[in-house]
Amino acid sequence: MPPSEPAGVAELLSAAVDAVGGSRREGQDEMAAAVRRAIVSGEHLAVQAGTGTGKSLAYLVPAIRHAVADDATVVVSTATIALQRQLVDRDLPKLAKALKALLGRAPTFAILKGRRNYLCLNKLHGPEDDVDPAEELFDPFAVSAMGRQVKRIHEWADDTETGDRDELVPGVPDTVWRQVSVSARECLGASRCPVGEDCFAERARAVAGQSDIVVTNHALLAIDALEGRPVLPEHDVVVVDEAHELVDRVTGVATAELTSAMVTTAGKRCAKLVDEALADRLVEAGEGFALICEDLPPGRWDSLPRPVAGAVSAIRDAAGRCRQALSGERRGEEDGTGRKVAQAALDEIAETAVRLLGAFDEPDPAKRRDVVWLAERGAQAERASAQSQGSETARHRVVRIAPLWVGGLLRERLFGRSTVVLTSATLALGGSFDALARQWGLPPQAPGTAGSGPGAATGAPEGRPAPGDATTSEAGRPDTDAVDLDTVRWTGLDVGSPFQHAKAGILYVARRLPPPGRDGLPPAYLDEIAGLVEAAGGRTLGLFSSMRAAKQATEALRERLGTPLLCQGEDATMLLVKKFAEDEATTLFGTLSLWQGVDVPGPSLSCVIIDRIPFPRPDDPLVAARQRAADARGANGFLSVSAMHAALLLAQGAGRLLRGMGDRGVVAVLDPRLATARYGGFLRASLPPFWPTQDRDTVLGALRRLRDA
């Protein structure tokens with residue numbers, strides 16, 4: 001018989017730590033107790049827990065206890081696949097075994113992803129889908145290459161038990177996976193699908209619905225919050241790990257785009273299902289949209305150009321007529337999937353067109369809900385190459401629309417529905433939680449409470465929703481659960497880190513160097529990098545603000561250095577990191593994904609070099625719009641947006657240095673503005689408390705001693 005009351009959190013945590021072969025830590029105990037209090041009281045909690053704290057166990061143990069004792073489900077959301085796999089493959093199986101006796105039964109867990117991440121058997125075995133012409137243009141080998149990849153998926157389908165894309169190794173490009181998967185809108189539904197009983201996505205949802213802990217990602221958490229229908233199982237507690245990524249991931253989900261390829265492809269899909277003249281009008285509207293956009297310069301729009309407004313209106317009307325015709329046609333089983341795919345494409349186009357046409361109703365740009373801009377998709381892909389495996393290089397124009405702020409959405413649909421625990425190694429920026437709290441839609445804490453402190457970058461004044469802060473009602477959904485800001489309560493807690501940063505690490509700011517420019521790395525920077533790498537004997541991770549800078553440093557220093565030098569892009573990032581970790585003499589240069597994705601404890605990493613403060617691009621339309629809106633409210637837009645973005649990345653990058661209790665080394669920031677600019681104090685306060693110096697000889701001597709040791 002299960003005990004009437006499970007063991008307490010302290011006893012459970014002790015068993016959990018023993019199960020994973022760790023040791024109890026004060027910060028871990030403090031965090032676990034705080035998570036338990038939050039679950040009981042319903043008060044939201046933000047916890048900064050430095051590397052080595054063991055924060056996963058600190059939130060999993062009280063979450064499991066709550067789920068088992070109250071027959072509830074707790075959702076754990078992460079930003080990265082790596083952390084999802086750690087939780088599902090390592091931590092949770094060990095905890096289930098270790099806590100079974102104390103809880104009276106083994107806790108259950110599952111991983112749940114968006115429907116597009118699962119193989120669709122109906123799509124796989126049905127008629128071949130039309131290849132998107134925009135993706136195959138001028139590529140005579142693409143179709144045959146896609147066929148080979150799809151054939152490999154057919155073979156994998158006979159063996160996989162989950163249909164999870166991440167289990168297909170090596171993976172396939174997005175263009176291939178779209179041929180064998182469906183979005184939620186495209187899905188026929190289990191009851192109508194001929195293979196509904198064997199659906200991988202439905203199986204995953206069924207298992208999740210019966211589990212104590214459901215691990216998911218920030219994107220699906222956002223979809224669950226923004227969509228009118230639930231995607232996740234019913235739950236009363238959400239744990240958001242890697243919470244510093246939450247706002248960007250929610251913004252990504254809430255961002256829509258419109259391209260001529262989307263429109264013309266939708267028209268061609270409809271051609272076999274509706275009157276050909278209706279489909280032709282949609283294709284023609286898409287082609288006209290392309291011609292107009294090609295003549296306009298990329299950038300943010302403060303008003304919708306008249307020709308664009310006419311083209312978007314034509315797209316809206318043509319898509320609407322196709323939708324109406326499609327819904328009136330008799331539905332046959334033989335074209336069910338094609339009809340759903342066409343319907344989904346039309347819905348997306350029509351909804352985005354309506355959103356674009358209404359985005360400028362508010363005359364004051366600083367008060368608008370959405371930001372609209374014209375971009376070149378190829379340029380976007382190039383800038384994001386460190387984060388994406390895509391190889392898109394053709395430059396196609398795309399109109400994007402994104403919410404100015406997402407705090408209102410989060411406040412109503414996340415914090416208003418569940419008790420939320422947010423955690424990361426980087427939450428207290430400038431010594432305060434308030435900067436991120438405002439982005440989450442939470443009010444600032446009263447002075448003197450945990451998480452409140454000087455130097456916080458301000459967002460909406462006094463934490464109130466910004467005039468341009470989207471809420472669910474403003475996005476066209478009901479606001480029956482709208483949450484009064486004054487009723488939202490939360491606590492901030494920094495449990496520190498087991499590392500003694502001031503004794504284990506040095507923060508070196510190269511104040512004597514010139515400020516960084518726009519023409520690449522100056523010779524003085526290359527000399528400084530070479531001196532640091534040579535003193536460290538390799539063992540250096542170079543984090544650059546752009547791939548161009550990383551490649552420039554690699555080309556200039558590869559022959560100059562006497563140790564191996566790798567650069568991101570020369571091989572798969574995971575393989576490069578593996579080579580770097582296995583050879584102490586190796587140096588690795590790279591950009592954005594390395595700032596947050598490298599975990600190399602031990603002697604292979606003793607120096608982290610950051611070439612410049614990672615401010616966002618000044619021409620980024622969303623960043624510029626958010627800064628302008630903050631300025632219009634009387635806040636400092638630069639500190640609210642750009643400096644906070646830089647603080648998050650700096651803290652994440654500096655966090656690559658100490659990954660194990662025996663690690664020692666230097667974080668070297670070449671940008672002198674960290675020491676000289678007025679915002680430097682805020683940025684430094686966001687970093688781990690390393691011992692600071694601006695003396696180059698002291699740093700080189702320390703690195704040589706570490707090398708020789």
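This is a dialogue about how terms are applied to a predicted model.

Reader: What kind of model is this, and how are its residues numbered?

Author: The model is predicted, so local features need pLDDT of at least 70 and side-chain atom pairs count only at pLDDT 80 or more, whereas totals for chains, interfaces and linings use all residues. Residues are numbered from 1 along each chain as its sequence is written, and side-chain values use heavy atoms, with hydrogens and water left out.

Reader: Why is Phe589 called buried?

Author: Buried means under 20% relative accessible area, exposed means over 50%, and partly exposed lies in between (1.4 Å probe, protein chains only). Phe589 has 0% relative accessibility and therefore counts as buried. In the protein chain, 54% of the 709 residues count as buried.

Reader: Where is Phe589, and what does Phe589 touch?

Author: Phe589 is in strand E15, residues 587-590. Contact means heavy atoms within 4.5 Å, and, with residues up to four places away in sequence not counted, Phe589 touches residues including Ile529, Phe544, Leu557, Cys567 and Leu594. The C-alpha atoms of Phe589 and Thr540 are 8.3 Å apart in space, while the two residues are 49 apart in sequence.

Reader: How do you know whether Ala256 is buried or exposed?

Author: The relative accessibility of Ala256 is 17%, so Ala256 counts as buried. Ala256 is found in strand E6, residues 256-258, and, leaving aside neighbours within four places in sequence, is in contact with Thr352, Arg355, Val399, Arg400 and Ile401. From Ala256 to Val372 the C-alpha distance is 9.7 Å, across 116 residues of sequence.

Reader: What makes Ser211 buried, and where is the place of Ser211?

Author: Ser211 counts as buried because its relative accessibility is 5%, and its place is in the loop between helix H9 (200-209) and strand E4 (213-217). Apart from neighbours within four places in sequence, Ser211 is in contact with Ala72, Thr73, Thr108, Phe109 and Ala110.

Reader: Why are helices H3 and H4 called oblique?

Author: Axes are lines fitted to C-alpha atoms, for helices over the stretch in contact, and angles run from 0 to 180 degrees between N-to-C directions. Angles under 35 degrees count as roughly parallel, over 145 as roughly antiparallel, 65 to 115 as roughly perpendicular and the rest as oblique. The axes of H3 (residues 55-70) and H4 (residues 81-103) come within 11 Å and cross at roughly 50 degrees, and H3 and H4 are therefore oblique to each other. Among the residues that meet are Leu57, Leu60 and Ile64 in H3 and Leu87, Leu92 and Leu95 in H4.

Reader: Why are H13 and H14 called roughly antiparallel?

Author: Helix H13 (residues 276-294) and helix H14 (residues 306-328) pack at an angle of about 160 degrees, with their axes 9 Å apart, and H13 and H14 are therefore roughly antiparallel to each other. The contact is made by residues including Leu282, Ala285 and Phe289 of H13 and Val308, Ala311 and Ile315 of H14. By class, this contact of H13 with H14 has 16 nonpolar, one polar and two charged residues, where Ala, Val, Leu, Ile, Met, Phe, Trp, Tyr, Cys and Pro count as nonpolar, Asp, Glu, Lys and Arg as charged, and the others, Gly among them, as polar.

Methods. Helices (H or I, at least four residues) and strands (E, at least two) are DSSP runs, numbered from the N terminus.
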